[in-house]
Amino acid sequence: MCGIVGYIGSKKIGNRLIEGLKRLEYRGYDSSGLAILDQTMLKSVKRIGRVNCLEEALPEKILEANVGICHTRWATHGAVTEENAHPHVSSDEKFALVHNGVIENYLSIKKFLESEGYKFVSETDSESIVNLIAYHYKKQDTNNKSNRFLESVRKSLLHVEGTFGIAVLSQDHPGQLVCAKRGSPLIIGVGKNEHLIASDVNALTHCTHQVVYLNDNEIVHLNADDFSISTIGNSSVNAVIQTVDWDTTAAKIGDYHHFMEKEIFEQPIALTNGMRGRFSNDSSTALFGGLNISEDELSQIDRIIFLSCGTGWHACLIAEYLIERYARIPVEVEYASEFRYRNAPLDKNSLIVAISQSGETIDTLSALKEAKRKGYKTLSINNSVGSSIARECDGGIYQHAGPEIGVASTKAFTSQLMLCGMLALYLGRMRNLSYSDGCKIVEAFKSLPKLIQETLSVKDQIKLIAKEYADYEDCLFLGRQLMFPIALEGALKLKEISYIHAEGYPAAEMKHGPIALISESCPSVFLTTSGEMFAKTLANIKEVKARKGKVICIASEDCEIPEDSIDSLIKVPIAHEIISPIVMSIPVQLLSYYIAIERKCDVDKPRNLAKSVTVE
Ligand code: G6P
C-alpha cells in the first residue's frame, strides 16, 4: 500500500509535499517520512504515527528545499519503526528512495548486496532497491554523469521482481528525480516550472490539474522544466498529458465530526449524482454511456462473473441476486484474490465485472488482467476516474459518488448497490423484463434519494441503541436473501471501525454453527423486510430469544414484530425490493459509526486498515 509524493521545481517543497502526503494518508498511516537534497546533502526525517507528527518534526530549513520525496506507510515488511519508515537511504548515503508495493525477491538481492559490503538498517523489502541502485551506480561509466543516475535505476529494476511505484533522489544529481512503476499506481503532475509525482491524482491537484498516468514498466526522468518517459527496457514513450477536473473541495470535512459521518449523510446526493442522466427517455430502463460493449454483444452474454474485495464484494452479492432475478443471467461472485489464481474454466460468452471504489485494489486489478489475458470482455463499476482499474477495463460505469475519505466504505457502497440494480434493470430490459416492470423500477430508483434522507432520521434512535450495545465484544448480523449481503456488510463495518468481533450469516445458516455463540453477551442484529422471507426470519429471531440472546431488529415499517421477540426495533421506510438493500444499509452504517464513537475509536482511520489496498 503506502503513498508517495515527490516534488522538483522552482517552489519550496513546504506545503506542496506535505499537503500531498496528507491527501494520501488513506493509503496507510502508521509512519511517514521525507527526504530532500540540501545543496548536495541528502537529509531525511521520519516519524512514527500520522503525517502531522512528521509535519511537527520538520525543521523550516527542510521545507525550503526545491526537491524532495515523501511517503506515508502501511507496514508490510517489518514493524512500525522509524528505521522501517521511508525514505530509505543507500548505505553509501548517495540515494534516497520511497517505495509503494512489494519486492518479492528482496532477500536474494539483499544477500548479494551484503556480500558486496552494503549495509542494511531496516527490515523492509524497499531498502534492497535503494542499495541495488547504489551498486549499479558505482559500477557505471563515471563520464556519463547525467544518465548515470537514470541508468542505474533502470538496471536495478531489471532485477527486481514484484510491484513498485518508486521515486528516487541522488546526491550527485540535485536537479533530478527518477521514478518508475510496475503494478502500483504512479502519476506525474505537470506544472509551470515544477513537476510532481504521486500515487494518487488527489495528491497533485492542489498544485496542478495536468497529469500523466504512467503505465507499468515505465521509468521517468524529471527535472523542474522537463521530463521524459521510457520503458524499463529502454524504449522511449510519448507522454499523454490529461486534464483532471477534480472538485477537491468535495473532500473537505465541513461541519461534520468525521468523514465517515459526512459520507453517510451525503448519500442522497451521492446516489443522485450516480443516477443522473442514466435513465431512458421513457423511464423504463437504465442507460450507461461508457460500457463500450454493443447491445448485441451484451445480449449474447450468458454468464457474468463479478470480482471484488472487501465491501465491494458484498455489492457483488447483491448484483448476483438482482441480475439473476431480473435479467435471468447466471452470476458468480468471486473474491478477486482467489479468482486470479484459480484458473476457473469460463465460457466464451462470459462477462467480467469488477467493483472497486478506489480503482486501485491490486487483487482486483490483477484478476482483471488475468481475465483480459484470456480474452474476456471486462467492465468495472468504480468511483475513481482515471484509476488503474478504470483504465484496464474495456468499459465501465463510474459511480460519481464523490471522494470517499473515511476508510470504511459507506456512500461508495450504496452507490455500487444502486448501479448493480440499474445494471440488472438494463440487462433485464434487454431480455424478458416488461416495460411496466421497468417503469416501476425506474420510479423506485428516482425515489431513492428522498427515501434515504428519510431513513437517515433514525440516527437519534440509533445513537441511544449504540450506547446500550457499545460494550459488547461479539455480535451477529443475520438476514435472508437480499438482506444477507447487508448482514455481511453490517458485520464488516462494525469490526472495521469499532473492533468488535462481528459475523454476518444468512439467518437460516445460524442453526449450523453460529447459534453456539448466542448468549446474553452476544447480541444479534436481524435485517428484514416484509416480503416472503419475513415469517422465516421471525422464526430465526425467536430461536435467538429462546437462548437469551439480545436482538436488535432493523425492519421495514410494514413488518409486524411481536414486542417480546426483540429488544430494540429500528424501522426503515418501505421500499421496492431492488432498492431495499440500500435503505437497509443506512441503519447498519449508523449503528457501527455510533458504536465506534462510544468506544472512542478512530473512525476515519481504523487501526491496521487502509482505503486503497495496493499489495496482494
Ligand atoms: C479496503 C477498504 C474497503 C474496500 C476494500 C476494497 O479494505 O478499506 O473499504 O472495500 O479495500 O477496495 P476497493 O477500492 O477495490 O473497493
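## Largest pocket

In this predicted model, the largest pocket has a volume of about 1100 Å³, where a pocket is an open set of points on a 1 Å grid over the protein atoms alone, at which a 1.4 Å probe fits and which has protein on both sides within 12 Å along at least five of seven lines. The volume is the space filled by probe spheres set on the points, with grid points joined across faces, edges and corners. Of the 48 residues that line the largest pocket, Asn-202, Ala-251, Pro-403, Glu-404 and Ile-405 are the closest to its centre, a lining residue being one with an atom within 4 Å of a point. Helix 1 (14–23), helix 8 (267–275) and helix 13 (388–392) are the elements that give two or more residues to this lining, helices being DSSP runs of H or I with at least four residues, and strands runs of E with at least two, numbered from the N terminus.

By class, the lining of the largest pocket has 18 nonpolar, 14 polar and 16 charged residues; Ala, Val, Leu, Ile, Met, Phe, Trp, Tyr, Cys and Pro count as nonpolar, Asp, Glu, Lys and Arg as charged, and the others, Gly among them, as polar.

## Domains

The chain is divided into domain 1 (3–245), domain 2 (246–456) and domain 3 (457–605), with bounds that come from an automatic or database domain assignment. Because domain 1 and domain 2 both give residues to its lining, the largest pocket lies between them. The centres of domain 1 and domain 3, taken over C-alpha atoms, are separated by 46 Å.

## Second largest pocket

The second largest pocket has a volume of about 480 Å³, and of the 24 residues that line it, Gly-310, Thr-311, Glu-496, Ala-610 and Val-613 are the closest to its centre. Helix 10 (310–327), strand 18 (350–356) and helix 17 (483–498) each give two or more residues to this lining, and helix 10 gives the most, with 3 residues. By class, the lining has 10 nonpolar, 12 polar and 2 charged residues.

## Cysteines

With a disulfide taken as a pair of cysteine sulfur atoms within 2.5 Å, the count comes to 0 disulfides. The sulfur of Cys-53 is 15 Å from the closest cysteine sulfur, in Cys-70, too far for a bond. Cys-522 is likewise in no disulfide, and the nearest cysteine sulfur, that of Cys-475, is 6.5 Å away.

Cys-53 counts as partly exposed at 31% relative accessibility, whereas Cys-522 counts as buried at 4%; buried means under 20% relative accessible area, exposed over 50%, and partly exposed in between, with a 1.4 Å probe and protein chains only.

## Basis of the values

Residues are numbered from 1 along each chain as its sequence is written, and side-chain values use heavy atoms, with hydrogens and water left out. In this predicted model, local features need pLDDT of at least 70 and side-chain atom pairs count only at pLDDT 80 or more, whereas totals for chains, interfaces and linings use all residues.
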